[in-house]
Amino acid sequence: MISLDVKKKYSIASIVKNSFSNNENWGKMWRNPNPKKHYDVIIVGGGGHGLGTAYYLAKHHGIKNIAVIEKGWLGSGNTGRNTTIIRSNYLWDESAYLYDHAVKLWENLSEDLNYNMMFSQRGVLNLAHNEHDIKEIKRRVSANRLNGLDTMWLDKNEVKDLVPIMNTDNLRYPVLGAAYQPRGGVARHDAVAWGYAMRADELGVDIIQNCEVKGIKTDNYKVEGVETTKGFIKSSKIGVVASGHTSVLAATAGVRLPLQSRPLQALVSEPIKPVINTVVMSNAVHAYVSQSDKGELVIGAGTDGYNSFTQRGGYDVIEETVRAIVELYPIFGKMKMLRQWGGIVDICPDASPIISKCDVEGLYFNCGWGTGGFKATPGSANVFAHTIAKDEPHKINAPFALSRFSDGRLIDEHGAAAVAH
Ligand SMILES: Cc1cc2nc3c(=O)[nH]c(=O)nc-3n(C[C@H](O)[C@H](O)[C@H](O)COP(=O)(O)OP(=O)(O)OC[C@H]3O[C@@H](n4cnc5c(N)ncnc54)[C@H](O)[C@@H]3O)c2cc1C
């Protein structure tokens with residue numbers, strides 16, 4: 001019998017060894033413990049951000065008595081439902097630092113976790129369809145370059161060279177150019193949850209699935225623990241990373257967050273031969289597309305126009321998206337769609353996240369990622385772990401404090417984040 005460690009490490013030796021037993025002896029990727037009565041830190045939400053936070057808390061800050069509590073299975077939230085676009089070409093300095101901190105961690109994440117993230121830096125295009133788009137996108141390219149990011153402006157012909165199947169002229173909103181970030185790309189979403197979970201588990205983190213947190217117990221503006229479907233669990237530090245449900249949990253501790261929860265949809269087509277080797281996004285016609293390694297087109301739609309907690313979304317939204325995609329790429333006109341799904345995203349008024357302490361001692365929030373938090377997963381988890389461990393923000397997430405909604409220092413990223421991504 002090989003040791004648990006060897007089974008979980010994906011080296012050539014372990015792969016050869018396991019092949020002799022028909023790969024039947026690989027160990028479980030993480031344990032399935034019963035909750036203890038007390039933890040030093042409880043993270044609510046087993047998505048990429050929550051699991052990553054637990055991993056960095058254990059690895060970088062030496063805290064070992066940690067639980068991640070997840071009401072369903074790991075990655076069952078938006079982590080396993082998104083279209084996996086990764087980029088850092090946001091307008092404001094604060095956002096550029098945060099999202100590029102994440103891109104830098106993505107570049108080494110497979111090695112760090114010894115788990116293949118399938119991170120593919122195939123570039124991301126943001127299309128311009130009118131004069132306003134050109135001005136806004138060129139401004140963003142300049143801002144990005146001042147921050148040392150690899151964003152550039154491409155004219156129509158350069159866009160056409162990159163994506164020959166694109167219809168640039170014969171459509172309602174012609175393609176006039178695009179911003180291009182070559183270091184952007186895609187990754188395998190489930191792998192992010194699984195990779196962080198596996199390594200956090202190795203470091204002693206208890207990952208408790210199928211356990212819903214019903215409420216956060218406080219006394220005199222101090223957290224005491226969480227009420228769950230598996231009983232009360234005590235802790236003096238609680239990090240809530242529950243995406244669309246964060247505001248509901250916050251309310252149980254008497255905290256009101258400026259979040260709106262809405263369904264956001266995506267769909268994939270039947271698999272086809274490689275036709276598109278970059279990611280193309282368009283805010284104006286509200287559609288974006290990439291092609292998975294299996295050959296499926298991965299298509300993102302927009303949010304519903306009203307708040308809701310249904311993981312579905314309206315058909316009118318995907319109809320509009322598909323119409324825009326077919327106009328941009330007439331070659332896709334007869335393709336069949338395989339699956340469609342939705343997630344519940346939590347949107348802040350300035351389209352930027354909250355990574356912050358609050359007025360209740362020991363209570364921390366990482367939320368408000370809206371339609372675009374997958375790309376930030378490693379960076380967000382990394383600075384959130386710092387915030388919880390030190391009880392003060394890392395300099396990268398300091399501007400993303402909850403207090404910005406009372407002192408007016410908003411980080412308005414509607415231009416860079418308006419399309420669902
Ligand atoms: C269709 C779609 C497409 C997207 N495309 C992109 C994209 O291309 N690029 C990008 O950067 N971002 C994208 N996003 C956004 C991105 O998916 C999210 O911002 C990100 O995954 C959030 O990760 P998370 O770990 O914070 O949340 P989640 O993965 O949602 O994890 C939160 C977890 O908390 C759990 N939870 C909730 N309430 C409780 C409770 N009471 N008790 C215990 N557990 C609880 C949930 O079950 C869930 O597993 C997309 C989102 C959707 C829905």
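**Notes on the predicted model**

1. Residues 24 or more positions apart supply 75% of the contacts in the chain that have a separation of 6 or more; contact here means heavy atoms within 4.5 Å. The model is a predicted one, in which local features need pLDDT of at least 70 and side-chain atom pairs count only at pLDDT 80 or more, while totals for chains, interfaces and linings use all residues. Residues are numbered from 1 along each chain as its sequence is written, and side-chain values use heavy atoms, with hydrogens and water left out.

2. The chain contains 12 helices and 19 strands. These are DSSP runs numbered from the N terminus, with helices (H or I) of at least four residues and strands (E) of at least two. The radius of gyration is 22 Å, close to the 22 Å given by the globule rule for 421 residues, so the chain is as compact as a globular protein of that length. That radius is taken over C-alpha atoms, and the rule is 2.2 Å times the number of residues to the power 0.38. Along the principal axes, the C-alpha atoms fill a box of roughly 65 × 60 × 40 Å.

3. Of the 421 residues in the chain, 57% are buried. Buried means under 20% relative accessible area, exposed means over 50%, and partly exposed lies in between (1.4 Å probe, protein chains only). The accessible surface comes to about 18100 Å², and carbon and sulfur atoms account for 52% of it. Such areas come from the Shrake-Rupley method with a 1.4 Å probe; for residues, only the protein chains shown count as cover.

4. The chain carries 47 positive and 43 negative side chains, with the centres of the two sets 4 Å apart. Lys and Arg count as positive and Asp and Glu as negative, without His and the chain ends; each charge is placed at NZ of Lys, CZ of Arg, CG of Asp or CD of Glu.

5. How many salt bridges does a search of the whole structure find? There are 20, each being a side-chain nitrogen of Lys or Arg within 4 Å of a carboxyl oxygen of Asp or Glu. One network of salt bridges links Asp100, Lys104, Glu107, Asp150 and Arg183.

6. Within helix H7 (residues 189–202), arginine 199 and glutamate 202 are three residues apart, about one turn of the helix. Their side chains form a salt bridge at 2.5 Å, N to O. Arginine 199 is buried at 5% relative accessibility, whereas glutamate 202 is partly exposed at 30%.

7. Another salt bridge pairs lysine 294 with glutamate 296, the closest N and O atoms being 3.9 Å apart. Lysine 294 is exposed, at 63%, while glutamate 296 is buried, at 8%.

8. In helix H9 (residues 315–328), arginine 323 and glutamate 319 are four residues apart, or about one helical turn. Their salt bridge has its closest N and O atoms 3.5 Å apart.

9. Lysine 37 lies in the loop between helix H2 (12–19) and strand S1 (41–44). Is lysine 37 buried or exposed? Its relative accessible area is 73%, so lysine 37 is exposed. Apart from neighbours within four places in sequence, lysine 37 is in contact with Ile233 and Lys234.

10. Isoleucine 15 sits in helix H2 and is partly exposed at 45% relative accessibility. Its C-alpha atom is 47 Å from that of glycine 177, a residue 162 positions away along the chain.
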